[in-house]
Amino acid sequence: MNQLKTDVAIIGAGTAGMSAYRAVKTAGFDAILIEGGPYGTTCARVGCMPSKLLIAAADAAHTAATAAPFGVHVEGLRIDGEQVMDRVRRERDRFVGFVLESVDGIPASDKVRGYARFVSDTVLHIDDHTEIQATRVVIATGTSPVVPDIYAALGDRVIVNDDVFNWQTLPRSVLVVGSGVIGLEIGQALSRLGVRTCLINRSSSLGGLADPEVKASAAAAFGQELDLRLDSQVLGAHLEGDQVKVRLQRKGQAETTEHFEYVLVATGRRPNLSGLDLQNTKAVLDERGMPEYDAETLQLSDTPIFIAGDVNGILPLLHEAADDGHIAGGNAAVWPKVVPGKRRTPMAVVFTDPQLAWVGTRYKDLASAGVVCGQVNFANQGRSRVMLKNQGMLRVYARVSDGRFLGAEMAGPSMEHIAHLLAWAHQSQLTIAQMIQMPFYHPVVEEGLRTALRQAARHLAEADLDYVRECEQAVNNV
């Protein structure tokens, strides 16, 4: 067996692993990057980028199909599934190519191919060919889709999002199980591209939204164009010829039987930990085999092992994985003198129509008292109505004691941009009054944000007399 020694061994060459590698090397230490699967991040191969390519095609089709209210009539609209998927794959491969170029730039001596398992805290075996003795280790192995046992007999007719982007053409029909980010984005895109699509979810959750009023506005918008069935479940599924026969039931209603070409399961992902033999380390594991770790330093108990990216379950988003890698790699470099990592304001965006997003403190995490809310319904918001994108709601939250902006949840047009503005405001620790004093052009969707901010300011003024003058002055000056 080949014997190697290094300061830091990094298991996984995705976004978090690459970020950890750069942090270790920048700190002046040796590092070895271990990868058993194909190089290229989840985002580039099967996540962010290919899904946005599919969504872009769907948006183009939807724009053409719904142009009549503007007096623009598109005759003979035709969607070529082979061309759609060909562009998705070609552009996907281009994005992956950029990642591969970065990997190619890493010295060969710093890369080992194969799957790692722990022999001890600092000794790893890579398959049966290499032993690595490291002083510290970073786990950045990512996650994998979960497919419940109920679909086990469906063979290649049950798929996960990874499989969608290798299709040669579009199918005739798909049942999407799960109304989280992946299910909503892909489900709406397929529906807009002419695929008969049913989107089902066991609970009423929708796109990760926690605010009930925002969620209700989003559900109403999606319900106008999608076969969306919340509070519903799959009772059974089996193959019948080249179709999947599925038994479905919505809460309080009778069971139905329907047929689909594919079942796309988007019910969650699990950390890739099972093959690491973490039981051979001093890490403390829960009943699921998940190690206990410090969310600020990303260190596993008192071990020289750190965990970064999707695998730790904090926020499975690319920018968070990159930050995680930087924190874990930086702390691995200076271990045992680890320090809490600096975090940016959390935010997430769902690229549906309407777009969904949240920033800062979630609705479910707000204090039960001392918080006010301001909101805007986009139904009659000027710019949104001009574009016929007037659906959804935005709600901002503020702290009564000092008027500080705490967070927001939203469904509406261009929320990817509104979310960034609000994330910057949150990270800058702005008050509602300070945010209202910022410039707002006319006519833009951001004027809807100003409406919500003004309402929050009025509520703050009513709740705290010491703050009334500043809020009233801010509102009156705009």
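1. A word on burial to start: a residue is buried when its relative accessible area is under 20%, exposed when that area is over 50%, and partly exposed in between (1.4 Å probe, protein chains only). By that rule R362 is buried, with a relative accessible area of 10%. Please keep in mind that this is a predicted model, where local features need pLDDT of at least 70, side-chain atom pairs count only at pLDDT 80 or more, and totals for chains, interfaces and linings use all residues. Residues are numbered from 1 along each chain as its sequence is written, and side-chain values use heavy atoms, with hydrogens and water left out.

2. What does R362 pair with? Its side chain meets that of E409 in a salt bridge (3.3 Å, N to O); the term stands for a side-chain nitrogen of Lys or Arg within 4 Å of a carboxyl oxygen of Asp or Glu. This pair links distant parts of the chain, 47 residues apart: E409 sits in strand β22 (residues 405-412), and R362 in the loop between β19 (355-360) and β20 (371-377). E409 counts as buried, at 0% relative accessibility. Helices (H or I, at least four residues) and strands (E, at least two) are DSSP runs, numbered from the N terminus.

3. The structure holds 31 salt bridges. Another of them joins D110 and K25, with the closest N and O atoms 3.2 Å apart. D110 lies in the loop between α4 and β3 (111-113) and K25 in helix α1, so the pair ties together parts that are 85 residues apart in sequence. D110 is buried, with a relative accessible area of 10%, while K25 is partly exposed at 33%.

4. R343 and D324 also meet through their side chains in a salt bridge (2.7 Å, N to O). Since R343 is in the loop between α8 (318-334) and β18 (347-350) and D324 is in helix α8, the pair ties together parts that are 19 residues apart in sequence. Is D324 buried or exposed? D324 is buried, with a relative accessible area of 3%; R343 is partly exposed, at 33%.

5. Do look at the network of salt bridges that links D59, R192, E225, D353 and K389. D59 and R192 are also among the residues lining the largest cavity.

6. On that cavity: a search of the whole structure finds one of 30 Å³ or more, and about 40 Å³ of space lies in the largest cavity. Here a cavity is a set of points, on a 1 Å grid over the protein atoms alone, where a 1.4 Å probe fits but cannot get out; lining residues have an atom within 4 Å of a point. The lining is made by I55, A58, D59, E185, Q188, A189, R192, F351 and T352. By class, the lining has four nonpolar, two polar and three charged residues.

7. Finally, the surface. F70, V72, V74, L77, I79 and L388 make a nonpolar patch of about 500 Å²; such patches are made of residues with over 30% relative accessible area and no salt bridge, with nonpolar side chains joined within 5 Å and like charges within 9 Å. F70 is placed in the loop between α3 and α4 (81-104) and counts as partly exposed, at 47% relative accessibility.

Methods: 1 Å grid on protein atoms, 1.4 Å probe; cavity = no way out; pocket = protein on both sides within 12 Å on 5 of 7 lines; lining within 4 Å. Points joined across faces, edges and corners; volume = space filled by probe spheres on them. Nonpolar A, V, L, I, M, F, W, Y, C, P; charged D, E, K, R; others polar. Areas by Shrake-Rupley, 256 points an atom, 1.4 Å probe, with all protein chains shown as cover.
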